[in-house]
Amino acid sequence: MSSEQPPKRPERAVKRAAPSALTAAAAPAVPHAASALAASSPWAYSPAPESKELALIRPRYGLFIDGQERAPVSGEVVVTYNPATEEPLAEVAKGSAEDADRAITAADRAHRKVWSKIEPRERAKYLYRISRIMQERSREFAVTETLDSGKPIRESRDVDVPLAAAHFWYYAGWADKLQYAVPGRRPESHGVVGQVIPWNFPLLMLAWKIAPALAAGNTVVLKPASTTPLTALLFAEVCQQADLPPGVVNIITGPGEMGMAIATDPRVAKVAFTGSTSVGIKIAQGIAGQGKALTLELGGKAANIVFEDAALDQAVEGVINGIFFNQGEVCCAGSRLLVQESIAEEFIARLKERMTTLRVGDPMDKNTDVGAINSRAQMETIGELVASGVAEGAKLWQPECVLPTRGWFYKPTLFTGVAQSHRIAREEIFGPVLSTITFRTVDEAIEKANNTAYGLSAGIWTEKGSRILQVAAQLKAGVVWANTFNRFDPTAPFGGYKESGYGREGGLQGLSAYLRSS
Amino acid sequence: MGKKSGKKESALIAAVTASDNARLEIRRTPKLYIGGAFPRSESGRTDVLQLARGGSANVARASRKDLREAVKAARSAAPGWAARNASLRGQILYRVAELMEGRAAQFRDDLIAHGYGKSEATEEVAASIDRLVWFAGWPDKIPAVLGGTNPVASSHFVFTIPEPTGVVAIVAPERSPLLGLVTRLAGVLAGGNVAILLASEASPLPAVTLTETLAVSDVPAGVVNILTGRRSELMPHLTRHADIDGVDLWGCPDDLLADAERGAAEHVARVARRQHDEKDRASAFQGERGERIDGMTAFLEMKTVWHPIGS
């Protein structure tokens with residue numbers, strides 16, 4: 001999603017209803033704006049589905065340990081579903097602490113006997129090779145990712161998969177240049193790294209974790225999220241195809257307790273976790289006193305600040321991208337819109353109009369903007385928080401759109417009249433729900449933006465360069481997007497302030513997390 | 001007057017006469033240092049510390065409330081310290097080194113009182129001053145060494161800058177009461193953070209002398225707050241205080257470490273600590289290996305800023 005380009009569409013009269021007609025007094029009776037996507041509308045699109053056949057999903061997957069597929073000790077499996085259809089996709093192994101132990105044993109051996117001994121330039125070549133294979137199989141990855149996670153194929157194809165390959169490419173080049181990463185010091189790998197990743201960017205988070213870990217000379221035991229294991233298991237095939245030495249990468253599926261078993265094992269010297277703040281805290285407490293290195297990439301409640309001098313159409317696109325990219329299931333989502341009071345009315349009207357043109361539905365359709373919510377549990381979380389917003393007095397608005405009858409879909413949702421004390425202004429919703437708060441002065445904007453326990457990201461929309469630099473400096477957020485949003489690159493460090501965690505992923509800073517220097 | 005009391009009186013007179021040529025020393029009251037002031041502990045408590053060459057000192061035993069006051073002072077000083085330009089922060093640290101040089105004799109006597117030999121103490125003081133100068137050169141180099149511009153594949157200008165985390169609590173090294181203390185403290189300050197420092201429990205006097213040095217330096221009140229007292233008592237509160245953004249546990253005793261890390265994790269506070277194989281010993285900060293920035297980098301937040309390039 002390009003955020004700084006104005007929408008490519010013909011100009012047309014903006015039909016604005018009076019505010020009272022656009023806002024609901026209380027849920028569930030929600031009046032809808034006229035849909036711009038009705039069949040009679042010039043905006044209607046014909047279906048353009050991607051072929052499912054491109055994903056060669058097997059009926060059953062084991063654990064990837066020591067270079068081979070292994071059955072879990074328990075013999076148990078869990079089913080992963082397609083969130084867009086609620087149909088089962090495959091059975092995956094339900095790993096346990098015993099499986100974690102086997103994986104760590106393999107990783108430990110591979111680190112001592114192979115990976116720490118081979119020439120760094122050879123290590124680099126494995127990573128380049130993995131990146132190339134991911135590029136070659138990118139379509140298969142994209143389709144698998146969309147089927148398993150519910151994210152629009154346009155995003156998995158254009159964002160997740162190419163960025164994942166780019167991460168391996170970028171870190172490949174670091175593998176034989178570590179002495180330049182920590183000048184004057186002797187960098188060493190930690191050894192075995194335990195990694196636990198979430199379901200919102202399954203392959204991309206895997207790449208963010210595994211690429212720098214391997215480049216630095218570590219071996220890896222990674223646990224993908226329970227609802228989105230398939231691209232990680234496809235990645236295991238890539239490791240085999242690349243002839244990566246057995247045990248260097250181990251991928252084991254299983255419940256949260258298995259993740260904790262990985263983190264707390266004394267042979268694991270470094271732990272990296274991406275997920276919720278509550279689980280991150282549990283992991284940090286679980287390994288307290290063990291002397292392990294730890295990086296945490298946790299939740300967020302980003303403010304997207306629109307000043308009155310912003311280029312409004314671009315800002316509308318940026319705000320839309322900020323909250324509806326990946327259904328808002330993004331830790332750095334711009335879930336709080338802070339809009340200057342002088343332009344609030346006009347901006348909200350433009351935003352609503354743009355929301356009526358969002359295409360919500362089949363993630364496999366190449367025209368879909370907002371796909372399926374990842375799981376039923378997440379649907380319930382979103383529903384519960386939205387209900388709290390209404391109950392606490394915020395005004396809810398949703399565009400009229402026809403959702404598929406099967407699958408987990410949630411309408412793009414806009415709240416106005418939100419107070420900073422409302423749960424929808426404080427808690428991470430992880431869904432397509434935007435909470436609007438107004439401000440009058442620059443100082444007030446900064447204060448409100450920082451009024452959160454989180455500090456992952458923030459957005460600034462203004463045409464005034466000096467204001468961008470001033471506000472960016474004062475925002476307590478690890479990533480600040482000015483006149484853009486939700487941009488990622490392997491060279492650019494990403495990570496949070498405050499309760500959004502610590503450590504960075506991407507760039508030199510992301511590499512340092514996987515090195516210890518003496 | 002009875003016979004008995006008359007005898008007592010004459011003994012007193014005799015004592016005074018015997019020492020009439022020796023001036024009675026004015027002893028220092030070791031106090032806390034909070035927000036630029038020198039309070040006693042609000043609890044009224046002190047611990048009697050036996051000194052290596054005889055005599056004793058009544059060291060303030062800080063309470064949980066003293067800690068809270070220190071956090072308040074630190075929090076209000078944090079924005080001003082972070083906003084000072086990097087070069088100025090370096091000059092202010094250098095100025096502290098200048099003043100330490102002037103008080104070298106007192107720092108040396110403190111160390112001797114804690115059992116150091118004379119030449120050992122002299123070397124330690126010199127090394128501590130030099131270490132501060134080493135750190136004074138850091139603030140205006142941190143962004144160049146740790147930050148940078150990121151050559152992203154899209155049409156954006158993207159840079160990453162290190163920023164201070166905020167309020168950092170330091171459990172100072174127990175067995176390197178001056179050099180270790182200076183190393184850990186200077187790293188935090190060079191990065192633009194403000195500090196609450198828990199001095200060595202067995203050897204707190206150099207920390208007390210440092211407070212008296214800081215008070216007349218250009219380090220603004222509240223930027224450094226130093227508490228003396230018992231670690232086992234203060235650490236559970238220090239690591240769990242929600243307005244402390246980071247904790248340097250380098251000097252944390254092994255038996256308190258797990259609880260300290262659990263406490264810090266409750267509010268996702270940043271943690272620095274000894275490496276796994278490292279011991280809290282007097283030699284840990286000596287020489288080039290003491291020139292380390294882990295206590296500085298642990299409390300820097302990397303901020304990445306994106307902006308489109310276009311006309």
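Reader: Which residue in β6(A) is the bridge partner of A:Val77?
Author: Helices (H or I, at least four residues) and strands (E, at least two) are DSSP runs, numbered from the N terminus. Strands β5(A) and β6(A), residues 87-93, run antiparallel and are joined by 6 bridges. Within β6(A), A:Val77 has as its bridge partner A:Ala93.

Reader: Which strands of chain A stand at the edges, each with a single partner strand?
Author: Two strands pair if DSSP finds at least two bridges between them. The open sheet has 3 strands with mixed pairing, in the order β2-β6-β5 of chain A. One side of each edge strand has no neighbour in the sheet, because each has a single partner; the edge strands are β2 (60-61) and β5 (77-82).

Reader: By about what are A:Asp108 and A:Arg112 separated in helix α2 of chain A?
Author: Residues are numbered from 1 along each chain as its sequence is written, chains are lettered from A and ligands numbered from 1 in the order written, and side-chain values use heavy atoms, with hydrogens and water left out. The two side chains form a salt bridge (a Lys or Arg side-chain nitrogen within 4 Å of a carboxyl oxygen of Asp or Glu), N to O at 3.5 Å. They are 4 residues apart in α2 (residues 97-115), so their separation is about one helical turn.

Reader: Which residue of chain A forms a salt bridge with B:Glu301?
Author: Over all chains, the structure has 55 salt bridges. Between chain B and chain A the count is 1. Its closest N and O atoms are 3.8 Å apart, and B:Glu301 pairs there with A:Arg504.

Reader: Which element gives the most to the side of chain B that touches chain A?
Author: Three elements of chain B each supply at least two residues to that side: β4 (156-164), α10 (254-266) and β10 (300-308). With 8 residues, the top contributor is β10(B).

Reader: In β10(B), what is the bridge partner of A:Val479?
Author: Strand β19 of chain A (residues 479-482) runs parallel to β10(B), with 3 bridges joining them. The partner of A:Val479 in β10(B) is B:Thr304.

Reader: Which three residues supply 21% of the area that chain B buries against chain A?
Author: The contact (heavy atoms within 4.5 Å) takes 45 residues from chain A and 35 from chain B. Buried area is the accessible area (1.4 Å probe) that two parts lose on being put together, summed over both. The two chains bury about 3,000 Å², 53% of it on carbon and sulfur atoms. More than any other three residues of chain B, that share comes from B:Val268, B:Lys303 and B:Trp306.

Reader: Over which residues of chain A does pLDDT stay under 50?
Author: Chain A has a mean pLDDT of 93, and 92% of its residues reach 70 or more. Where pLDDT is low, the predicted coordinates should not be read in detail. The model has 64 contacts beyond four places in sequence for the stretch under 50, residues 1-33.

Reader: What ipTM does the predictor give the complex?
Author: Chain B averages a pLDDT of 94, with 94% of its residues at 70 or above. For the complex, the pTM is 0.92 and the ipTM is 0.92.

How values were computed: This is a predicted model: local features need pLDDT of at least 70, side-chain atom pairs count only at pLDDT 80 or more; totals for chains, interfaces and linings use all residues. pLDDT is the predictor's confidence in each residue, from 0 to 100.
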